[in-house]
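Here is a friendly walk through one protein model, strand by strand and then into its core. Please keep the view open while you read.

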Amino acid sequence: MGLTITSLPVMGGLTTINDAYVNVRNIKYTKEQQENEEGQFKLEFISYYSKDNQHIKVELLRATYIEFYDGNVWTRAYEILKQDLTNKGLTYQDA
C-alpha cells in the first residue's frame with residue numbers, strides 16, 4: 001500500500017522526480033498526559049519517499065487527538081499523508 005506522486009520537487013525545487021512512491025512506516029499511537037491535564041493521543045509515523053527502490057527522503061508526520069481513535073490506524077495515517085501532500089500542492093494516486 002502506498003501512493004504515487006506525479007511530480008515530487010527535490011533539492012529546494014531545482015528539479016523534480018516523476019512518479020515517486022511514498023508509503024507509511026513505523027506507526028506509533030500513544031497516549032501522553034501532562035500533569036493536571038487530560039491525556040492526548042498522538043499518532044506518529046514516517047513517510048518514506050523512493051523511486052525505483054532508491055531512497056529519496058523521509059518525513060515524520062504526526063497528529064494529536066483528544067479522544068481515543070479506535071479505527072484502523074493505517075487508514076488514518078494514509079489520510080494524514082494525503083492531506084499533507086495536498087497541502088504541499090502535490091498530486092498523487094493510490095499505488
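Strands S1 and S5 pair in the antiparallel sense, over three bridges. Two strands count as paired if DSSP finds at least two bridges between them. Strands (E, at least two residues) and helices (H or I, at least four) are DSSP runs, numbered from the N terminus.

A word on the ground rules. This is a predicted model, in which local features need pLDDT of at least 70 and side-chain atom pairs count only at pLDDT 80 or more, while totals for chains, interfaces and linings use all residues. Residues are numbered from 1 along each chain as its sequence is written, and side-chain values use heavy atoms, with hydrogens and water left out.

**The sheet**

The protein chain has five strands and one helix, arranged along the sequence as β-β-β-β-α-β. The strands form an open sheet in the order S4-S3-S2-S1-S5, with antiparallel pairing. S4 and S5 (92-94) are the edge strands, each pairing on one side only. From one strand to the next, the twist averages 35 degrees; the axes behind such angles are lines fitted to C-alpha atoms, for helices over the stretch in contact, and angles run from 0 to 180 degrees between N-to-C directions.

| Strand pair | Bridges |
|---|---|
| S1 (residues 3-10) and S2 (residues 15-32) | seven bridges |
| S2 and S3 (residues 40-51) | ten bridges |
| S1 and S5 | three bridges |

Within these pairs, Leu8 has Ile17 of S2 as its bridge partner, and Arg25 stands opposite Ile46 in S3. The hairpin of S1 and S2 has four residues between the strands, and Met11 there takes a positive phi near 55 degrees.

**The core**

What holds the most contacts inside the largest nonpolar core? Ile5, Leu8, Val22, Phe45, Tyr49, Leu81 and Leu85 do, in a core of 20 residues. Such a core is a set of buried Ala, Val, Leu, Ile, Met, Phe, Trp, Tyr and Cys residues joined through side-chain atoms within 4.5 Å. S1, S2, S3, S4 (54-65) and helix H1 (73-87) each give two or more residues to this core, and H1 gives the most, with five. Leu85 is in contact (heavy atoms within 4.5 Å) with Leu3, Ile5, Val22, Tyr49, Leu90 and Tyr92, leaving aside its neighbours within four places in sequence. In soluble globular proteins, nonpolar side chains tend to be buried together.

**A buried glutamate**

Glu44 is found in strand S3. Is this residue buried or exposed? Glu44 is buried, because its relative accessible area is 15%, and buried means under 20%, exposed over 50% and partly exposed in between (1.4 Å probe, protein chains only). The Glu44 side chain makes a polar contact with the side chain of Arg62, at 3.1 Å. A polar contact is a pair of N or O atoms within 3.5 Å; within protein, one must be able to donate a hydrogen and the other to accept it, and residues adjacent in sequence count only if both atoms are side-chain atoms. Not counting residues up to four places away in sequence, Glu44 also touches Asn26, Ile27, Lys28, Leu60 and Leu61, among others.

**The whole chain**

Buried residues make up 34% of the 95 residues in the protein chain. Its C-alpha atoms fill a box of roughly 50 × 25 × 20 Å, taken along the principal axes.
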